[in-house]
2 protein chains.
Amino acid sequence: MNAIIISIGDELTSGLTMNSNAAWLGRQLTELGISCQLQLTIGDNQSAIAAAIRQSITQCDILLISGGLGPTEDDLTRRAVAEAMGEPLVMDQVALSDLEAFFRRINRTMTENNRLQAMRPLSASCVKNSCGTAPGIMARLSNTQIFVMPGVPKEMKAMFELSYKPLLQAAAGNVVRRIMALNICGAGESWIGSRIADLMKRGANPSVGTTVHDGIVSVRIYATGKPAEAGAMIEAMANTVRHRLGELIFSADQVALETVVVQALLSQESTVTTAESCTGGWIAMMLTNVPGSSACFKRGWVTYSDESKSADIGVDPEVITKYGAVSREVAATMAQQARSRAEAHWALAVTGNAGPVSDDPKNPVGLVYIGIAGPNGHGDIYVRNCQFSGDRQSIRLRSSQMALTLLRLKLLGLDPEAVLPP
Amino acid sequence: MNAIIISIGDELTSGLTMNSNAAWLGRQLTELGISCQLQLTIGDNQSAIAAAIRQSITQCDILLISGGLGPTEDDLTRRAVAEAMGEPLVMDQVALSDLEAFFRRINRTMTENNRLQAMRPLSASCVKNSCGTAPGIMARLSNTQIFVMPGVPKEMKAMFELSYKPLLQAAAGNVVRRIMALNICGAGESWIGSRIADLMKRGANPSVGTTVHDGIVSVRIYATGKPAEAGAMIEAMANTVRHRLGELIFSADQVALETVVVQALLSQESTVTTAESCTGGWIAMMLTNVPGSSACFKRGWVTYSDESKSADIGVDPEVITKYGAVSREVAATMAQQARSRAEAHWALAVTGNAGPVSDDPKNPVGLVYIGIAGPNGHGDIYVRNCQFSGDRQSIRLRSSQMALTLLRLKLLGLDPEAVLPP
């Protein structure tokens, strides 16, 4: 069973908006064991959409379409589906009264354009939109089942989950494609690839590949088979990968690095504080992304200037003068001082040059020192010297991720120098 | 002149990775005045890629392909292009010696797989990769010019800019499509749409539409014509839109909100500090994203706990007890205290409930108070009471953006209450 995804909108083809809907739908299909090897993105052009629908139905069992169901002039999907089906649009009375009820509820006047949203191709049916005005459309053309959703991500996801996924689940039957991603921070894709090269044979089942996204490398494992079978294959391969890469792996699937760190802190009833220079609050922001982080993160400092490093957390100005703000010594002192001021178990400190320029050859762009002060007495301080590449944004992100990675390893009782590649 | 974009990779079709390349290329084409009404995303399947290439060349003058040029087993684009062209792959000696030089430079051994990267279809040519190993491929098939790029975004962008864009620019000739986005924070898309509804006629030239991305609403204006003509149309329409929406517009095109705020601070030789509770460092992170922000942002606090609000910036604990941490009074005091501690001209303070749950009916999820203390004496304090919807992440982002928006308006000498919709 295979599917094609069509996303509609000039804002997508012109690159103004990232096509996050197609990625989300692709992931859903993968998890349902439905193969999706083709996605189309088409501008707001009725005949082009209709032509793409007609061509797609010759190649797939399932056609998912999102976007172009809105009430404005450039929303043409409804008409294009009718054109592809060779059917007139008719008013769906149930959808119309739902729409009327919606507008009464939010106390707004319903326009003629909104009424058009309740129309559907003659043999199709309307699908309720649980969080917006545009109903979806479900139709059958030749041997293909067509599912149309609004383009607003929240509405699309709700409609897919509530109305389409159960049908797809039933149709997908007994063979599923399972997927697992093992996530790594602190080692490059090629370094990781070299350790699992023999597992990455093309066409194998389970198959293994790597991807990088925002500084996180994911080893992804796919397996196809009956549900229990595929699950077992994934588990076995995941164990092999874990054996090769060990503690470098911080999580599976969608669990974020900061979530893992916050969970480890909470389970150890430990607290952490932050003193950030070049990351400018990013680490604190990541930690506080996690619901419940208030139990382990009470406070942090953004000590962007030399003066604030001294005034706010008490770094001896002489240390800054002697070694420079971007130095091992300042990172260590920042961590130590922040930990003591915050009365936290752990402190993360970052000082570095995120660019775009360097006015000191000793501090090239991308040079970042990350300090950790821990709970085992005054000397429990570790500093890692990192040289990141990329632009300002990615240097700052990599620095924040590396700081969290170092803390994660420390919380496991490990020496980062022994786990991370040099 | 029209183009099709093909993106290649299982990680894209399966939804593991967002297809940012297609969006970026779409934007480039739009700016070059080259119409792109179709984008395809195809899995790592040689015959499917070859078939898509053969079909695409019947529909476009320009075919842009990204991804699948790497050294591993699942990189099949090179072979698929050769298959579509009906040509053998041959070794390109110049590309090969470039590759060999690259590996000598980084002191690594070149593998047999890397050698394959220097191969190209017989009549095609290799294109230098300025920041990676995979050369691009330039080919002509039937009447279509094919440009192949690596999938790594940085390498793709560099190759497009250096090698393909100049050719496309020359080929696009005299009619261009210009685009401008006017960016707004602090008002919803429907509110904005209602003010410019008459400008949004479908098919007009220039045409006007709205998009929302991460809390920023953009009014986008497209104009097609000779370069000077299109530029003038855009300018005239932009003036009309500016007249309607006034100071709600914070920038044009890609200029970020934080950049506008930092520039305003720098031009007024003013400084700002931050005291963040529910945003957890996000505002500081945004401000320090801007190169040169160290001249106006010296320090900030993440006062996530009640205790740190008192200990670190000196909020009277009784104010917190009396009014609650999420209150107008605490936001005002945080701003006032942070401003005075940091000796800054301005202070931004945020306290609110970002969810996911609320244990106090008086503080529902999404209720956020944003305080600003300004340079005009002790009473120069403004607090805005906001009720945001969405998940934790979007409440935190909206809060940070609203704080920057309020500061932006204050720096312009405006009353936010008079500019922002209620």
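What follows is a set of questions and answers about this predicted model.

Visitor: Let's start where the chains meet. Which element of chain B gives the largest share of the side that touches chain A?
Guide: The contact takes in 60 residues of chain B and 60 residues of chain A. Several elements of chain B give two or more residues to that side, including strand 2 (35–42), helix 12 (306–313) and helix 15 (392–411). The largest share is 8 residues, and it comes from helix 2 of chain B.

Visitor: In what sense do strand 2 of chain A and strand 2 of chain B pair?
Guide: One place to look is Q39(A), which stands opposite T41(B) in strand 2 of chain B. Over 5 bridges, the two strands pair in a sense that is antiparallel.

Visitor: Now inside chain A. How many residues of domain 3 are in contact with domain 2?
Guide: Chain A is divided into domain 1 (2–172), domain 2 (176–252) and domain 3 (257–419). Taken over C-alpha atoms, the centres of domain 2 and domain 3 of chain A are separated by 30 Å. Domain 2 of chain A brings 8 residues to the contact, divided into 3 nonpolar, 3 polar and 2 charged. On the side of domain 3 of chain A, the number is 12.

Visitor: Which residue in the turn between strand 10 and strand 11 of chain A has a positive phi?
Guide: These strands run antiparallel and are joined by 7 bridges; T210(A), for one, has V219(A) as its bridge partner. They form a hairpin with 2 residues between them. The turn residue with a positive phi, about 50 degrees, is D214(A).

Visitor: Why do the buried residues of helix 10 of chain A line one face of the helix?
Guide: The buried residues of helix 10 (residues 257–267) of chain A are L257(A), E258(A), V261(A), V262(A) and L265(A). An α-helix has 3.6 residues a turn, so residues three or four places apart point the same way. Seen down the axis of helix 10 of chain A, the buried residues line one face because they fall within an arc of 130 degrees.

Visitor: Which residue just after helix 10 of chain A takes a positive phi?
Guide: Helix 10 of chain A has its buried residues covered by elements including strand 13 (272–276) and helix 11 (282–289) of chain A. Just after helix 10, the residue with a positive phi of about 50 degrees is E269(A).

Definitions and conventions: Residues numbered from 1 in each chain as written. Chains lettered and ligands numbered in written order. Predicted model: local features only at pLDDT ≥ 70, side-chain atom pairs only at ≥ 80, totals over all residues. Contact = placed C-beta atoms within 7 Å. Helix = DSSP H or I, 4+ residues; strand = E, 2+ residues; numbered from the N terminus. Pairing = 2+ DSSP bridges. Domains from an automatic or database assignment. Nonpolar A, V, L, I, M, F, W, Y, C, P; charged D, E, K, R; others polar. Buried ≥ 20, exposed ≤ 12 C-beta atoms within 10 Å, placed from the backbone. Arc of directions from axis to C-beta.
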